[in-house]
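Visitor: I would like to learn how to read strand pairing and helix packing in a fold. Can you walk me through an example?

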Amino acid sequence: MKVRSLFISDCHIGSDYCNHEKLLKLLSEVECEYLYIVGDFIDGWILSRKFKWHSNYNTILQKILRMSRKGTQVYYVWGNHDDFIEPFTDMYFGDNIQVVRETTHTTLKNERILIIHGDQFDGLVTKNKWIQHIGAVIYDYSLSVNKLFRIFKFSFSNFLKQKAKEAVKYISNYEATVVNYCKNSVHDSILCGHIHKPECTIIDGINYYNTGDWVESNTFVIETLDGTIQLIRYEDFIRSSN
């Protein structure tokens with residue numbers, strides 16, 4: 001699959017629930033000029049509590065390094081779970097890998113997209129970061145409860161997550177704040193992750209894209225070879241590539 005740009009976020013490498021096999025297949029089958037890793041790629045919070053490293057993680061990192069050596073420009077936009085990367089902000093690793101807090105991507109259709117993880121706009125996180133750490137632990141455990149509900153095709157963690165995120169949105173007006181931040185800049189659109197809710201919509205005249213995650217939704221965003229932005233689910237990607 002050839003695309004101009006690939007945007008992924010919230011892979012949470014280090015979590016028992018990271019769908020690393022699916023992520024690896026995506027990276028193995030996509031060719032792109034630009035790769036944007038939009039935060040929470042490596043879950044430093046989980047790894048600091050319980051270090052567990054799957055061999056696929058090495059392969060994923062090697063794939064990205066190989067892509068950069070072949071000419072793909074890679075931007076690592078760090079988020080809250082991988083904030084250990086903050087000291088390397090604005091640094092280059094080789095010629096084609098740069099660590100940033102936010103950046104701009106211009107599509108072939110001249111759409112200027114602000115790329116940012118989005119944790120800066122989560123009012124609950126910004127004001128009470130200790131609550132976020134507790135919430136992360138609760139969410140991680142809630143994923144294990146999913147096993148009890150699979151027979152009913154019900155995701156307990158997704159139910160819990162959506163209820164929690166609705167509360168966060170109510171308190172901080174998350175998406176409105178993100179869009180307002182974009183409107184006060186020179187951008188046409190904003191692309192983020194963080195809340196694990198894949199979205200491709202227009203809010204108050206601004207194109208709003210959220211990449212989703214690689215824990216439950218398994219979604220990503222692409223810019224096609226003609227400059228069109230699309231949100232894609234892994235299952236649809238697999239069907240189209242077969």
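Guide: Start with a strand pair: strand 3 and strand 5 (residues 97-100) run parallel and are joined by four bridges. Strands count as paired if DSSP finds at least two bridges between them. Helices (H or I, at least four residues) and strands (E, at least two) are DSSP runs, numbered from the N terminus. This is a predicted model: local features need pLDDT of at least 70, side-chain atom pairs count only at pLDDT 80 or more, and totals for chains, interfaces and linings use all residues. Residues are numbered from 1 along each chain as its sequence is written, and side-chain values use heavy atoms, with hydrogens and water left out.

Visitor: Which residue stands opposite Val99 in strand 5?

Guide: Strands of a sheet pair through backbone hydrogen bonds, either parallel or antiparallel. Here Tyr76 stands opposite Val99. Tyr76 of strand 3 is also the bridge partner of Ile37. Strand 2 (residues 34-37) runs parallel to strand 3, with four bridges between them.

Visitor: Is strand 3 buried or exposed?

Guide: In a regular strand the side chains alternate between the two faces of the sheet. Strand 3 (residues 73-77) has five of its five residues buried, so it is largely enclosed by the rest of the structure. Gln73, Tyr75 and Val77 are buried on one side, Val74 and Tyr76 on the other. Buried means under 20% relative accessible area, exposed over 50%, partly exposed in between (1.4 Å probe, protein chains only). Across the 242 residues of the protein chain, 50% count as buried.

Visitor: What is the strand order in the open sheet of five strands?

Guide: The order is 6-7-8-10-9, and the pairing is mixed. Strand 6 (102-106) and strand 9 (199-203) are the edges, each pairing on one side only. Neighbouring strands of this sheet are turned by 20 degrees against each other on average, direction ignored. Inside the order, strand 7 (residues 112-116) and strand 8 (residues 189-192) run parallel, joined by three bridges. Ile113 has Ser189 of strand 8 as its bridge partner.

Visitor: Which helix lies across strand 6, strand 7, strand 8, strand 9 and strand 10?

Guide: Helix 7 (residues 174-183) does, running at about 125 degrees to strand 10 (206-210). Axes are lines fitted to C-alpha atoms, for helices over the stretch in contact, and angles run from 0 to 180 degrees between N-to-C directions. Contact means heavy atoms within 4.5 Å.

Visitor: Now helices. How do helix 1 and helix 3 pack, at what angle do they cross?

Guide: Two packed helices are described by the angle between their axes and the distance between the axes. Helix 1 and helix 3 (residues 55-69) cross at roughly 20 degrees, and their axes come within 10 Å. The two are therefore roughly parallel to each other. Angles under 35 degrees count as roughly parallel, over 145 as roughly antiparallel, 65 to 115 as roughly perpendicular and the rest as oblique. The residues of this contact divide into seven nonpolar, four polar and two charged. Ala, Val, Leu, Ile, Met, Phe, Trp, Tyr, Cys and Pro count as nonpolar, Asp, Glu, Lys and Arg as charged, and the others, Gly among them, as polar.

Visitor: At what angle do helix 1 and helix 8 pack?

Guide: Helix 1 (residues 20-29) packs on helix 8 (residues 234-241) at about 45 degrees, with axes 11 Å apart. That makes helix 1 oblique to helix 8. Lys22, Lys25, Leu26 and Glu29 of helix 1 meet Tyr234, Glu235, Phe237, Ile238 and Ser241 of helix 8. The contact residues divide into four nonpolar, one polar and four charged.
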